Amino acid sequence: MPGSRRCSYNQDSDCHAGAITIAGDHAHCGTFVEISFRGGLGRNGMVGACHRAGCRHNENLECTAPSVEIGKDQDVADCLTYEAK
C-alpha cells in the first residue's frame with residue numbers, strides 16, 4: 001500500500017495505520033496525517049472503510065480491493081485504486 005511519503009503512517013513506502021479510510025468527494029485518504037513523528041503499528045495497514053459508494057471495490061462501505069495505492073491525484077493523498085462503477 002504505497003502512500004504519500006509525508007504521511008506519518010508511511011514507513012518505507014508502506015502504510016502502518018491499523019486501517020485506511022477512504023472518504024471525501026475525490027477518494028481522499030482520510031487516514032493521511034502529517035505530524036512531526038511516525039505512528040502506526042509494526043505491520044502493514046489493512047484496507048478499511050470506503051465512503052465512496054460509487055467505487056466498484058465498495059461493498060457495504062467496506063473496500064474489497066486486495067490492496068490500495070495511495071498517492072497524489074487531486075490531493076496529496078488520494079486512493080489511486082478508486083474505480084467508478
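Predicted model: local features only at pLDDT ≥ 70, side-chain atom pairs only at ≥ 80, totals over all residues.

Guide: Residues are numbered from 1 along each chain as its sequence is written, and side-chain values use heavy atoms, with hydrogens and water left out.

Visitor: How many residues does the largest nonpolar core have?

Guide: A nonpolar core is a set of buried Ala, Val, Leu, Ile, Met, Phe, Trp, Tyr and Cys residues joined through side-chain atoms within 4.5 Å. Buried means under 20% relative accessible area, exposed over 50%, and partly exposed in between (1.4 Å probe, protein chains only). Those with the most contacts inside the largest core are Ile-20, Ile-22, Cys-29, Val-68 and Ile-70, and its residue count is 16.

Visitor: Where is Asp-12, and is this residue buried or exposed?

Guide: Asp-12 sits in the loop between strand E1 (10-11) and strand E2 (14-15); strands (E, at least two residues) are DSSP runs, numbered from the N terminus. It isn't a glycine, yet Asp-12 has a positive phi of about 55°. With a relative accessible area of 75%, Asp-12 is exposed.

Visitor: And what is the relative accessible area of Asn-60?

Guide: Look in the loop between strand E6 (58-59) and strand E7 (62-63) for Asn-60. Its phi is positive too, near 55°, in a residue other than glycine. Asn-60 counts as exposed because its relative accessible area is 70%.

Visitor: Which residues does Glu-62 touch, leaving out those up to four places away in sequence?

Guide: Glu-62 is found in strand E7 and counts as partly exposed, at 44% relative accessibility. Contact means heavy atoms within 4.5 Å. Beyond those sequence neighbours, Glu-62 touches Gly-48, Ala-49, Cys-50 and His-57.

Visitor: What is the volume of the second largest cavity?

Guide: On a 1 Å grid over the protein atoms alone, a cavity is a set of points where a 1.4 Å probe fits but cannot get out, and lining residues have an atom within 4 Å of a point. Grid points are joined across faces, edges and corners, and a volume is the space filled by probe spheres set on the points. The second largest cavity is lined by residues including Ile-22, Cys-50, His-57 and Thr-81. Its volume is about 60 Å³.

Notes: Helix = DSSP H or I, 4+ residues; strand = E, 2+ residues; numbered from the N terminus. 1 Å grid on protein atoms, 1.4 Å probe; cavity = no way out; pocket = protein on both sides within 12 Å on 5 of 7 lines; lining within 4 Å.
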